[in-house]
Amino acid sequence: MTSFSAPAHETPADEAEGRAVQERLRGRVILDETGPEPGTGLVTGVDVAYDDERDVVVAAAVVLDAATLETVEEATAVGKVAFPYVPGLLAFREIPTVLEALAELSVDPGLVVCDGYGLAHPRRFGLASHLGVITGLPVIGVGKNPFTFTYEAPGPRRGDSSPLLDGEEVVGRALRTRENTSPVFVSVGHRVRLDNACAHTLRLAGRYRQPESTRRADALCRRTLREATG
């Protein structure tokens with residue numbers, strides 16, 4: 001196994017306790033590190049899939065070579081859903097199983113890419129920030145929609161972007177990864193600056209709108225869920 005081991009994590013008893021945990025931990029988010037250079041080292045996509053009728057959650061971690069986008073390793077974990085569905089508190093449903101999947105890897109994850117949000121969160125502490133703080137890994141969030149935030153449509157070309165805003169505060173960026181395709185929404189999680197997070201996202205999203213890391217982790221966790229519940 002890798003030198004990464006699943007750290008302790010808190011499963012709150014209710015929504016109020018969950019918000020309190022987020023408020024306490026968000027001060028540990030590191031925003032002044034540039035992060036790994038795009039195209040170097042390893043990049044790991046993480047994603048989860050649910051069977052709510054059976055209270056089953058599956059997490060997948062897929063490690064890519066950042067230069068070639070070849071899959072280096074993949075791992076999965078199957079667990080029980082430990083927290084109800086509450087917008088803004090989804091990390092508590094996902095993190096326990098994501099940590100187990102990461103701990104199954106025989107290589108260090110490098111940069112972790114979440115299908116979700118970091119600072120683009122009501123309390124500035126989405127899944128990407130939460131995962132980064134408790135693991136110490138550099139993490140970014142790449143979401144498929146703007147959540148509760150606003151943005152002006154970026155230009156039509158690949159690489160065009162515009163700020164993702166909460167009022168006047170910039171919480172991320174709407175980034176066009178393919179021409180004439182809806183943007184993705186990039187936010188800092190932990191130990192990576194926004195410019196660098198967007199550069200990583202563009203390198204990972206070549207043929208498709210979403211990063212390859214997310215696409216492969218999504219496919220793997222869905223396949224594993226079918227096998228686990230079939």
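Is Asp 55 buried, exposed or partly exposed? Select Asp 55 to begin the tour: at 42% relative accessibility, it counts as partly exposed, where buried means under 20% relative accessible area, exposed over 50%, and partly exposed in between, with a 1.4 Å probe and protein chains only. The model on your screen is predicted, so local features need pLDDT of at least 70 and side-chain atom pairs count only at pLDDT 80 or more, while totals for chains, interfaces and linings use all residues. Residues are numbered from 1 along each chain as its sequence is written, and side-chain values use heavy atoms, with hydrogens and water left out.

**Two loop residues with positive phi**

Stay with Asp 55, whose place is in the loop between β1 and β2; helices (H or I, at least four residues) and strands (E, at least two) are DSSP runs, numbered from the N terminus. The phi of Asp 55 is near 55°, a positive value in a residue other than glycine. Most residues other than glycine have a negative phi. Next select Phe 147, in the loop between β5 (139-143) and β6 (161-166), where phi is near 60° and again positive in a residue other than glycine. At 31% relative accessibility, Phe 147 counts as partly exposed.

**Helix α2**

Now select residues 91-103, which form helix α2. At 1.5 Å a residue, its 13 residues should span 18 Å, and the end C-alpha atoms are 17 Å apart, which agrees; the expected span is 1.5 Å times one less than the number of residues. Colour the helix by burial and you will find it mostly covered, with 12 of its 13 residues buried. Among the buried residues are Phe 92, Ile 95, Val 98, Leu 99 and Leu 102.

**The nonpolar cores**

The largest nonpolar core has 33 residues, and those with the most contacts inside it are Val 46, Val 98, Leu 102, Cys 114 and Leu 131; a nonpolar core is a set of buried Ala, Val, Leu, Ile, Met, Phe, Trp, Tyr and Cys residues joined through side-chain atoms within 4.5 Å. The elements giving two or more residues to this core are α1, β1, β2, β3, α2, β4 (111-114) and α3, and the largest share, 7 residues, comes from α2. Apart from this core lies another, of 28 residues, among them Leu 119, Cys 198, Leu 204 and Leu 225.

Select Leu 131 and show what surrounds it: not counting residues up to four places away in sequence, Leu 131 touches Val 46, Ile 95, Val 98, Leu 99, Leu 102, Val 112, Cys 114 and Val 139, where contact means heavy atoms within 4.5 Å.

**Helix α4 and Leu 204**

Move to helix α4 (residues 194-204), which is mostly covered, since 8 of its 11 residues are buried. Leu 204 belongs to this helix, and at 2% relative accessibility it counts as buried. Leaving aside its neighbours within four places in sequence, Leu 204 is in contact with Val 43, Leu 64, Leu 69, Val 113, Gln 210, Pro 211, Glu 212 and Ser 213.

**The largest pocket**

Which residues lie nearest the centre of the largest pocket? Select Leu 90, Glu 94, Asp 115, Gly 116 and Tyr 117, which lie nearest its centre among the 31 residues that line it. The elements that give two or more residues to the lining are β1, α2 and α5 (212-229), and the largest share, 5 residues, comes from β1.

**Two distances to draw**

Select Asp 32, found in the loop between α1 and β1, which at 58% relative accessibility counts as exposed. Draw a line from Asp 32 to Val 192: they are 160 residues apart in sequence and 7.5 Å apart in space, C-alpha to C-alpha.

Finish at Ala 153, in the loop between β5 and β6, which counts as exposed at 62% relative accessibility.

Methods
1 Å grid on protein atoms, 1.4 Å probe; cavity = no way out; pocket = protein on both sides within 12 Å on 5 of 7 lines; lining within 4 Å.
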